[in-house]
Amino acid sequence: MFKIDTREKYRTIRVEKDRFDANLTADITNALQNADGLLEGNLIWDLSEVKQIDEDSLSILEIIYESCYANGYSCCIVYGRSPLSKTLKNRNQHWNLVPTLSEAIDLISLEEMERFLQQSSETGQHDEPEKLS
């Protein structure tokens, strides 16, 4: 169904079905809400095995994506070789869509660095940012 992998600087939700439907969306949403602090932090959606996604799932994905940024975190969607890339791009052209998990981690790292530099310039601090693991 799905796996959640928690790292120090990000979480990955890997959908392991070829269809991302309302039932799976409900299961993932419940897991996110029930896990302590799971909705806080950077998030990577790995949809590389998904071939179909329904409208309800796209809507929930969009809500969670926007919530990450509203709370000062990053979100990225991995599409791999999935035919979903066109559907995802048509849904929201501002989403961070990448073909590999490695690129998603790099993108989150870059956005973390941007936030750090922005905060540093606003406060006048110049400490080193933490590395992603």
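Let's start at Leu47: setting aside neighbours within four places in sequence, Leu47 is in contact (heavy atoms within 4.5 Å) with Val15, Phe20, Leu61, Ile77, Val78, Tyr79, Ser82, Leu84 and Leu88. This is a predicted model, in which local features need pLDDT of at least 70 and side-chain atom pairs count only at pLDDT 80 or more, while totals for chains, interfaces and linings use all residues. Residues are numbered from 1 along each chain as its sequence is written, and side-chain values use heavy atoms, leaving out hydrogens and water.

Leu47 also belongs to the largest nonpolar core, where Leu47, Phe20, Trp45, Ile77 and Leu88 have the most contacts inside the core. A nonpolar core is a set of buried Ala, Val, Leu, Ile, Met, Phe, Trp, Tyr and Cys residues joined through side-chain atoms within 4.5 Å, buried meaning under 20% relative accessible area with a 1.4 Å probe, protein chains only. Among the elements giving two or more residues to this core are β2, α1 and β4, but α2 gives the most, with 5 residues. Here are the two cores:

| Core | Residues | Including |
|---|---|---|
| Largest nonpolar core | 23 residues | Phe20, Trp45 |
| Another core, apart from it | 7 residues | Tyr10, Ile44, Cys76, Ala104 |

Now for the helices, which are DSSP runs (H or I, at least four residues) numbered from the N terminus. Helix α1 (residues 22–34) packs against helix α2 (residues 55–70) at about 25°, their axes 8 Å apart. That makes α1 roughly parallel to α2, a word used for angles under 35 degrees. Ala22, Thr25, Thr29 and Leu32 of α1 meet Asp56, Ser57, Ile60 and Ile64 of α2.

Note on methods:
Axes are lines fitted to C-alpha atoms, for helices over the stretch in contact, and angles run from 0 to 180 degrees between N-to-C directions. Angles under 35 degrees count as roughly parallel, over 145 as roughly antiparallel, 65 to 115 as roughly perpendicular and the rest as oblique. Buried means under 20% relative accessible area, exposed over 50%, partly exposed in between (1.4 Å probe, protein chains only).
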